[in-house]
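Visitor: I am new to this structure and would like to learn how to read it step by step. Could we begin with the overall picture and then turn to single features?

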Amino acid sequence: MTLPAPAQRTPVSAHFVVCGFDGLAYRLAEQLTTRYDTDVVVVMTEEQQHQPGARDFAELDRVRVLVVERVSEKALELARLTDAAGLALTAQDDVGNIHLALQAREQSARMRIVIRMYNSSLAHSIEPLLGDCKVLSDSEIAAPALVASALREVAANPVKVAQRTLVVVRRADVSDRYVICGLADTAADGGPRMLPRDEQAADLVLADLRGIPDLESTLGTRPAPAKGRRIGVAKTFLGALVSRKSRIAISVVLGLIVVATAALAVSLKVGPGEASYQALATVLGGPQATDGYSPWQKTLQLILGVAGLALVPLITALVVEGMVRARLAVAEVRLRQPHADHLVVAGLGGVGTRVLRLLHDRGVRMVAIAAEEKSRGVPLARELGIPLVIGDPGRESTLRAAGVDQARALLAITNSDASNLETALRARNLRASLHVVLRLFDGDLARRVRRTFNLPYSHSVSYLAAPAFAEALMDREVIGTIPVERRVLLLAEVVVAAGSDLDGARIADADDPGDLRVIALNEFGEPRPLWRPAPARRMRTNDRLTVVGTRAGLSALIRRSVAGSRIA
């Protein structure tokens, strides 16, 4: 179904108010000041200012930070809310954000309000009640990109435009007749080249879902080989019943017995059977004085006797430990945890919980790691029967318990860059070829990590979500976001206003290689859009353009689409 045409606004001179302190608030303030040429007032409490996830807004020009004792109606007055063009509530507190939105609406009946909210069902109820309001979830926007990276897919969530469903796929997986637009050349040096002039150079494309009837099967998980499954079952069962230290101890003792038996066979010049009999008799009965043995043979006999003395209590300890750990393993669902070719999700905050649900809906086998019992995703993991490990994901023992050494991929997606990087490096020590997806806020850190540690798959949740929040504040509807590595393309609709720079211009005049491409033209009065319009086709007043572009490209097109933008 075609979305209604969003109202278009010119860049505003009034400021915006952003209530928040974390990465999303930072990225949003950055975009509002740099992309939309506006001032921003960031409101936060003293406690929030010193929390681990707080960002330094002093780095941003045209941003004023207002630190208050409590974010309340009075704090909004200090931020000059009644003079503001819009308010963004970006704290991770659904109830607190609703309370602030109600206070803000009392101060200004027509101001645009954008709310960050995790609870999607509550969001749908809040929007119509608050009037000019948009509720978004950063975790819901970012989770599909993380899942796609973990499964080595290029497709994020399908997007419905008019009567078509569009997906992001590799060019090799779809016929040219169903390709809507070339998105990126991911093989280019220095990172992906977005919206190249030569669309045939793009190996990542936006395509009509009708041209990919077998999409669901291509997105499915690859089953582990039967032999690998059997070995994995044995490893999982053994790991659940016997600790790593116990396995090492019994292995050392048994290895010592085998070596001493072989040496004794060589020294006595007897066959393996006779040597094994004498060795077992010594291990089980203790060393006996034997006439005719040389000093070397007596030494081997004593070694076997000492090993036998150590073997009996070790076996007893293993039996007791196995019984205790079996009870715990059943309680923690560890005996049912995937044994090979599964995904490990480290971090069950808001984003991790969304990822968990998406993977479960896809039927992907996984193990979840939560740092503590009170993590948001712990109840969901237990409700869905997903194997759960409680512990620090940066510890080797935690990763081993989650079966990282046999996993298909690891998602390190806590809200801490340092914790995610530590988890990734520990996991790579256990399995050098492990596919790792990192959540990193700092773009410079991500580039250095990619180059130095060969960890190329990283995403910033705030970077993926901020464009949608910014466009919502400007009262524009972003249909979808398309992540390409650490860059984002926006899918949006723009209406051509009378007297604008686009009124009467050709489609080729709107296209901007590298930044923007028009993929559909819905002429005023026509019920259906024209897909891939010819470059020479002209746009008229009230025509609706469906475009794919970077944030800079979309901002430039919107400026050209408003009345009075035509250059004399």
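Guide: Buried residues make up 51% of the 568 residues in the protein, where buried means under 20% relative accessible area, exposed means over 50%, and partly exposed lies in between (1.4 Å probe, protein chains only). This is a predicted model, in which local features need pLDDT of at least 70 and side-chain atom pairs count only at pLDDT 80 or more, while totals for chains, interfaces and linings use all residues. Residues are numbered from 1 along each chain as its sequence is written, and side-chain values use heavy atoms, with hydrogens and water left out.

Visitor: How many helices and strands does the protein have?

Guide: Helices (H or I, at least four residues) and strands (E, at least two) are DSSP runs, numbered from the N terminus. In this protein there are 19 helices and 22 strands.

Visitor: What share of the contacts in the protein between residues at least 6 apart in sequence join residues at least 24 apart?

Guide: A contact means heavy atoms within 4.5 Å. Of the contacts between residues at least 6 apart in sequence, 68% join residues at least 24 apart.

Visitor: Which strand is joined to β5 by 4 bridges, and what does the chain cross on the way?

Guide: Two strands pair if DSSP finds at least two bridges between them. Strand β4 (residues 86-89) runs parallel to β5 and is joined to β5 by 4 bridges, with R112 in β5 as the bridge partner of G86. Between β4 and β5 the chain passes through helix α4 (residues 94-107), and this β-α-β crossover is right-handed, a term used if, with the strands pointing away from the viewer, the path from the first strand over the helix to the second runs clockwise. Strand β6 (residues 133-136) is also parallel to β5 and joined to β5 by 4 bridges; here R116 stands opposite L136, and β5, helix α5 (residues 120-129) and β6 make a right-handed β-α-β unit.

Visitor: Is N97 buried or exposed, and which residues is N97 in contact with?

Guide: N97 is found in helix α4 and counts as buried, at 3% relative accessibility. Leaving aside neighbours within four places in sequence, N97 is in contact with L89, A91, I115 and R116.

Visitor: What is the order of the strands in the open sheet of 6 strands, and which stand at the edges?

Guide: The order is β14-β13-β12-β15-β16-β17, and the pairing is parallel. At the edges stand β14 (388-390) and β17 (458-459), each with a single partner strand, so one side of each is left without a neighbour in the sheet. Helix α12 (residues 350-361) packs on the sheet, where α12 touches β12 (343-346), β13, β15 (409-412) and β16 (435-439), and the direction of α12 makes about 160 degrees with that of β12. Such angles run from 0 to 180 degrees between N-to-C directions, and the axes are lines fitted to C-alpha atoms, for helices over the stretch in contact.

Visitor: And what is the order in the open sheet of 5 strands?

Guide: That order is β18-β19-β22-β20-β21, with antiparallel pairing. Strand β20 (residues 516-522) and strand β22 (residues 544-549) pair over 6 bridges, and N522 stands opposite R544 in β22. Helix α19 (residues 551-561) lies across β19, β20 and β22, at about 15 degrees to β19.

Visitor: Which residues touch the most other members in the largest nonpolar core?

Guide: In soluble globular proteins, nonpolar side chains tend to be buried together. A nonpolar core is a set of buried Ala, Val, Leu, Ile, Met, Phe, Trp, Tyr and Cys residues joined through side-chain atoms within 4.5 Å. Of the 47 residues in the largest such core, L343, V345, V355, L359, L411, M539 and L545 touch the most other members. Helix α6 (residues 138-150) gives the most to this core, with 6 residues. Apart from this core lies another, of 29 residues, among them Y26, L28, F57 and L136.
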